[in-house]
Amino acid sequence: MNGPLLSFLALVVTLGVLITVHEFGHFWVARRCGVRVLRFAIGFGRPLWRRTARDGVEYVIGAVPLGGYVRMLDEREGEVPPEQLDQAFNRQTVGRRAAIVAAGPAFNFAFAILAYLILYLSGVSQVRPVLAEAAAGTPAAIAGIRDGDEVLAVGDVTVQGLDELLMRVAEQMEPGEALKLRVRDADGRVLERRLPLPEDLDTDGNLLARLGLQPWRPSLPAVIGSIKPDSPAAAAGLQDGDRIVSVDDQRVADWQDFATRVRAKPEADLRLQVERDGSPLSVRLRPVRIETAQGAVGQIGAFAAVPQSLADSLRVVVRYGPIDAAVAAVERTWEMSAFTLRMLGRMLTGRASLDNLSGPLTIAQMAGQSASIGLSAFLSFLALVSISLGVLNLLPVPVLDGGHLAWYAIETIKGSPVSEAVQSAGQRVGLAVLLVMMGLAFYNDLARLFGP
């Protein structure tokens, strides 16, 4: 299956699944609250499929899979028979209305937790928690962490991969106390290391780096092993097997040196000297800007040539039992939700570029790439998009679920509903905000697709 077709099908599956989950949340809770549901629709535009169930609910699939809605009985949208007034949405208590509205995002978070639970139960491929020499002055350096030390446990809890190491460190660290690690050094000895944690330890950003617990990176030659389609590297004409000789006339020592220079230059023009089949070649490219928890970095979509034996030796499949898997799934969903919210805050305050907004074209591309890797990668992608959908819908913007919840909060405080005029004005403002965001996201998609 070719790239564009796979991306399109993956986008349809992604939107279809996550929109259905979101709208089913509204639908399920509305029915449990005694509200009469008239229509459950996925997509907009001309109906591709329509069916009316015996209970009177009309189920519809529209031609444009970019949203959905649940239409409920409501006096504000039409006349309601007297015998059905108690089933109208607008006649419900504030608590019930809020529960129905909040159920959509809640089901998105629940889907993410379920997806991560499946991944953790079936096994997630991670990098082994092998550490590099700790930077001088860090708690890890003071504790004596050496190059090649592999973490076996944090406190009394076993650690299998780098992601798990971060989770366990965050759980057990207490500023001002010592963090106990059990490690196996390069000679095979099992040792205990105690990291002294200062009282004023900054836990924001990359916690492991602040502690000096950096992953070990093998020294690899600056040779390209693979290139991501539609990336700056692909657009510049780089190929598998190319050896990077220099960046901006500065000689490259190894792949790590090359990656460090690329990450330091987001959206900056780079001039590479490349050796291909023994012949020199000059290449110009511009790394795309990627926002991370540590700030903006550059990426070109090229990966090092790693010997298979080395890759296998650094990889481990992490599996949890049911209880630990459930805890890990909830924690992962919470972490990704908080990260999404922080990124939105940074964009609103100007600390992160609005170029990070992505629309359907970028989502389609990412969906296709994850689907091509395998089911686990695609399920992880679905979880991430579901979290983003849940967080975005909880923003206090009229027309979004969070906007409705804000109206209900005001109604609870003042003892009466917000006036129709105020809500109508808010809807217009909210719609305008959404249109601007959608337009900017689509513009960013086109810029990534056709830009340099």
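This is a predicted model: local features need pLDDT of at least 70, side-chain atom pairs count only at pLDDT 80 or more; totals for chains, interfaces and linings use all residues.

Guide: A residue is called buried under 20% relative accessible area, exposed over 50% and partly exposed in between, with a 1.4 Å probe and protein chains only. Residues are numbered from 1 along each chain as its sequence is written, and side-chain values use heavy atoms, with hydrogens and water left out.

Visitor: How many aromatic pairs are there in the whole structure?

Guide: A search of the whole structure finds 11 aromatic pairs. Rings of Phe, Tyr and Trp (its six-membered ring) pair if their centres lie within 6.5 Å; planes under 30 degrees apart count as stacked, over 60 as edge-to-face and the rest as tilted. The ring centres of Phe-44 and Tyr-69 are 6.1 Å apart and the planes are at 15°, so this pair is stacked.

Visitor: Which parts does that pair tie together?

Guide: Phe-44 lies in strand 1 (residues 37-52) and Tyr-69 in strand 2 (residues 58-72), so the pair ties together parts that are 25 residues apart in sequence. Strands (E, at least two residues) and helices (H or I, at least four) are DSSP runs, numbered from the N terminus. Phe-44 counts as partly exposed, at 38% relative accessibility.

Visitor: Which residues do ring pairs link into a cluster?

Guide: The cluster consists of Phe-24, Phe-27, Trp-28, Phe-40, Tyr-59 and Phe-107, linked by ring pairs.

Visitor: Moving on, which residues of helix 7 are buried?

Guide: In helix 7 (residues 255-263), Trp-255, Phe-258, Arg-261 and Val-262 are buried. They cover an arc of only 130° around the axis, which puts them on the same side of helix 7. The arc is that of the directions from the helix axis to the C-beta atoms.

Visitor: And what happens at the start of helix 7?

Guide: There a side-chain oxygen of Asp-254 comes within 3.3 Å of the backbone nitrogen of Gln-256. A polar contact is a pair of N or O atoms within 3.5 Å; within protein, one must be able to donate a hydrogen and the other to accept it, and residues adjacent in sequence count only if both atoms are side-chain atoms.

Visitor: Where is Ser-231, then?

Guide: Ser-231 sits in the loop between strand 8 (224-227) and helix 6 (232-235). Ser-231 is buried, with a relative accessible area of 7%, and its side chain reaches the backbone oxygen of Lys-228 at 2.6 Å.

Visitor: How many salt bridges does a search of the whole structure find?

Guide: The search finds 17 salt bridges, each being a side-chain nitrogen of Lys or Arg within 4 Å of a carboxyl oxygen of Asp or Glu. One of them joins Arg-189 and Asp-185, with the closest N and O atoms 2.8 Å apart; Asp-185 is buried, at 9% relative accessible area.

Visitor: What about Asp-269 and its partner?

Guide: Asp-269 forms a salt bridge with Arg-286, the closest N and O atoms being 3.1 Å apart. Asp-269 lies in the loop between helix 7 and strand 11 (270-276) and Arg-286 in the loop between strand 12 (279-285) and strand 13 (288-292), so the pair ties together parts that are 17 residues apart in sequence. Asp-269 is exposed, with a relative accessible area of 54%, whereas Arg-286 is partly exposed, at 34%.
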